[in-house]
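Hi,

Here is the structure I said I would pass on. Have a look at it first, and then read my notes below.

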Amino acid sequence: MANTASHVSFLPPILTFCGAAVVAVPLFRLLGLSAVLGYLAAGIVIGPSGLRLVGEPETIATVAELGVVLLLFIIGLELKLSHLWSMKRDIFGLGFAQLVITATCLGGSAYAIGFSPNSAFVTGVAVALSATAIALQMLGERNDLQTPYGQRSFAILLFQDLSVVPILALLPLLATGLGAIEHNSLADRLLTVGRTLGAIAAVVIVGRYGLNPFFRILARSGAREVMTASALLVVLGAALLMQEVGLSMAMGAFLAGLLLAESNFRHQLEADIEPFRGILLGLFFMSVGMSIDLALVRQQWLVLAIAAPAILIGKTVILTILSRLFGAIWRDALRSAVLLSPAGEFAFVLIPVALGLGLMLPNEAQLVTALAAITMLLGPIMATLLERTLARSEQVEAPPELSGLPGQEAELSSRVLVIGFGRFGQIVNQVLLAQGIEATVIDKDVERIRDAARFGLKVYYGDGTRLDVLRAAGAERAEMICVCTDHPDVTLKIVEIVHEDFNNARTFVRAYDRIQAVKLMNMDVDYQLRESFESAIAFGRAALEELGVAPDTATMTANEIRKRDIARLVLQKAGGTMGGAELVVGAKITPEPLMTPTSKARGLSAETRDILSEGIF
């Protein structure tokens with residue numbers, strides 16, 4: 001039987017990572033720097049070159065790569081195939097030009113200082129690739145992913161990720177020459193291509209036709225943890241399948257996310273994955289910091305001190321010029337170029353493979369690895385300094401292309417977010433649609449999502465009491481948030497979250513009864529309405545008209561009752577005339593007439609008189 005210590009052997013590394021992140025990240029954010037820098041610095045301190053609190057950073061890096069996988073899945077969720085097709089010029093034009101020209105310049109420089117041709121090629125390609133995780137993290141922190149420069153940056157990163165597979169396939173050919181081509185028969189090569197295409201087709205078919213019914217069945221169970229497990233199953237399953245056929249895990253996750261971009265479960269999936277993505281991505285950045293060999297840095301400090309800034313500046317100049325040629329304004333071109341100037345995480349994949357194939361000498365591989373890690377450390381600092389400089393600049397250019405930017409999905413600019421699509425919420429949306437206002441709607445009832453399809457609305461499966469779901473649905477950009485849920489406790493919880501985190505939006509809330517209406521007024525909602533009040537007023541007015549009362553008089557009477565009720569609500573809110581009943585869970589209040597009765601109540605049967613206490617002595 002294993003001893004107690006063996007069961008907790010995994011705890012020290014976890015506590016070390018958590019402690020390092022808790023200290024470093026807030027400190028760097030306090031200094032106005034990116035969280036990425038905090039993770040990198042924490043990795044240096046706790047790694048083999050620092051305090052040596054964590055051993056075998058390579059093993060940790062393997063787990064941490066899942067952070068990049070989950071990041072690409074979420075990016076895929078935020079895109080749509082039509083949007084991706086509209087970016088084809090930037091992906092295959094600008095992305096191709098950046099990789100080829102940058103790799104040629106950097107490889108030529110490496111050859112000039114004494115690297116072998118094969119080693120120079122690997123160095124040029126590895127350093128020409130950009131840090132997907134760092135760039136997307138910083139774009140997310142700035143909320144710039146949907147801006148023109150953010151979209152161009154993503155297009156370049158996407159092409160680089162697509163290029164990793166053919167580059168990895170090319171390295172063995174460089175190592176063995178044309179003999180490698182003869183080594184594998186035509187049948188073997190066709191089989192490999194067939195397996196790859198079959199895996200992609202399987203992901204596409206399952207994602208297109210199987211995932212929505214799958215998530216719909218799970219949603220009916222009402223178990224939130226099952227939805228979280230299913231989200232991880234989809235992401236990691238697609239990533240593993242792609243890896244098995246020779247593609248990158250990140251591309252498999254991106255493809256799965258892209259296929260779910262149209263799904264009604266999109267926001268819930270994003271909210272479920274987000275915590276894992278954040279933790280593992282932070283772990284990835286710390287593993288990069290741990291990979292920096294400070295002893296090598298001390299030995300080769302002069303070379304690294306010259307090469308690292310030269311690479312950052314060189315990549316920035318090349319990409320700035322290319323972005324300008326592809327139509328970007330100088331400001332956006334410079335921001336994108338600086339953001340993508342660090343070497344990428346795939347450098348830590350290509351270099352070990354090249355070393356194992358004999359394309360690089362061990363000292364060359366160590367030098368290039370340290371150089372890539374240092375650029376990843378310095379790159380975010382350059383990007384942060386540039387943003388501050390541009391922010392202080394008096395010259396403010398309004399990008400003319402912003403209004404026509406593809407990919408600004410309707411939901412991202414929805415003026416209204418409606419939470420709850422039941423009886424009440426459906427009518428609210430009918431009124432909004434009549435004036436051409438298409439709201440974004442959240443509901444966690446599968447049948448209601450199906451019903452919403454007839455409205456032509458974008459209704460997403462998700463729990464409206466979760467802050468991450470509200471954020472994913474665009475609550476930060478909404479002018480108005482309509483809370484139309486039918487459970488009083490749920491309604492109050494949502495209002496609290498909205499007022500705490502989205503106070504820019506006006507709150508229109510459905511109240512269950514008078515007690516909840518007073519609570520909502522005390523919470524300073526912009527508008528509240530008891531769900532049955534107006535219908536009862538209209539019902540009473542119609543009854544008066546049917547009994548012969550003139551329509552104008554019936555309307556005047558209804559308006560008078562409405563005014564008196566509002567006045568009483570205001571008094572009850574201000575003076576606490578409900579006697580504290582509004583503070584008691586499940587409490588009821590005694591209805592009081594809004595106008596003085598003209599006669600005493602009379603029971604018309606013995607049972608009724610007993611209830612009214614008539615006939616008691």
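Searching the whole structure for disulfides turns up 0 of them. Keep in mind that this is a predicted model. Cys-482 is in no disulfide, and its nearest cysteine sulfur, the one in Cys-484, sits 5.5 Å away. That 5.5 Å is too far for a bond, because a disulfide needs the two sulfur atoms within 2.5 Å. Cys-482 is buried, with a relative accessible area of 6%, and Cys-484 counts as buried too, at 4% relative accessibility.

In general, side chains of opposite charge can pair when their charged atoms come close. A few to look up:

- Arg-152 and Asp-90: the closest N and O atoms are 4.0 Å apart. Arg-152 is in helix α9 and Asp-90 in helix α6, so this pair ties together parts that lie 62 residues apart in sequence. Arg-152 counts as buried at 9% relative accessibility, and Asp-90 is buried as well, with a relative accessible area of 15%.
- Arg-510 and Glu-531: their side chains meet at 2.9 Å, N to O. Arg-510 belongs to strand β5 (residues 506-511), while Glu-531 is in the loop between β6 (527-530) and α25 (533-546), so the pair links distant parts of the chain, 21 residues apart. Arg-510 is buried, with a relative accessible area of 5%, whereas Glu-531 counts as partly exposed at 27% relative accessibility.
- Asp-565 and Arg-514: here the N to O distance is 2.7 Å. Asp-565 lies in helix α26 (residues 551-575) and Arg-514 in helix α24 (residues 514-522), so parts 51 residues apart in sequence are tied together. Both Asp-565 and Arg-514 are buried.

There is also a network: Arg-415, Glu-479 and Arg-506 are joined by salt bridges that share partners.

Now the aromatic rings. The structure holds 3 aromatic pairs. In one of them, the ring centres of Phe-96 and Phe-159 are 6.1 Å apart and the planes are at 85°, so the pair is edge-to-face. Phe-96 is in helix α6 (residues 88-112) and Phe-159 in helix α9 (residues 148-176), which puts the partners 63 residues apart and links distant parts of the chain. How do the two sit relative to the surface, buried or partly exposed? Phe-96 counts as partly exposed at 45% relative accessibility, while Phe-159 counts as buried at 11%. With Phe-92, these two form one aromatic cluster.

Last, have a look at helix α16. Helix α16 covers residues 301-325, which makes 25 residues, and reaches 36 Å from its first C-alpha to its last, close to the 36 Å expected at 1.5 Å a residue. Its buried residues include Leu-304, Ala-308, Ile-311, Lys-315, Leu-319 and Leu-322. Together with Ile-313, Ile-321 and Leu-325, Val-317 makes a nonpolar surface patch of about 400 Å². Just after α16, Gly-327 takes a positive phi of about 100°.

Conventions:
Residues are numbered from 1 along each chain as its sequence is written. This is a predicted model: local features need pLDDT of at least 70, side-chain atom pairs count only at pLDDT 80 or more; totals for chains, interfaces and linings use all residues. Side-chain values use heavy atoms; hydrogens and water are left out. Helices (H or I, at least four residues) and strands (E, at least two) are DSSP runs, numbered from the N terminus. The expected span of a helix is 1.5 Å times one less than its number of residues. Buried means under 20% relative accessible area, exposed over 50%, partly exposed in between (1.4 Å probe, protein chains only). Rings of Phe, Tyr and Trp (its six-membered ring) pair if their centres lie within 6.5 Å; planes under 30 degrees apart count as stacked, over 60 as edge-to-face and the rest as tilted. Patches are made of residues with over 30% relative accessible area and no salt bridge: like charges are joined within 9 Å, nonpolar side chains (Val, Leu, Ile, Met, Phe, Trp, Tyr) within 5 Å. Accessible areas come from the Shrake-Rupley method with a 1.4 Å probe; for residues, only the protein chains shown count as cover.
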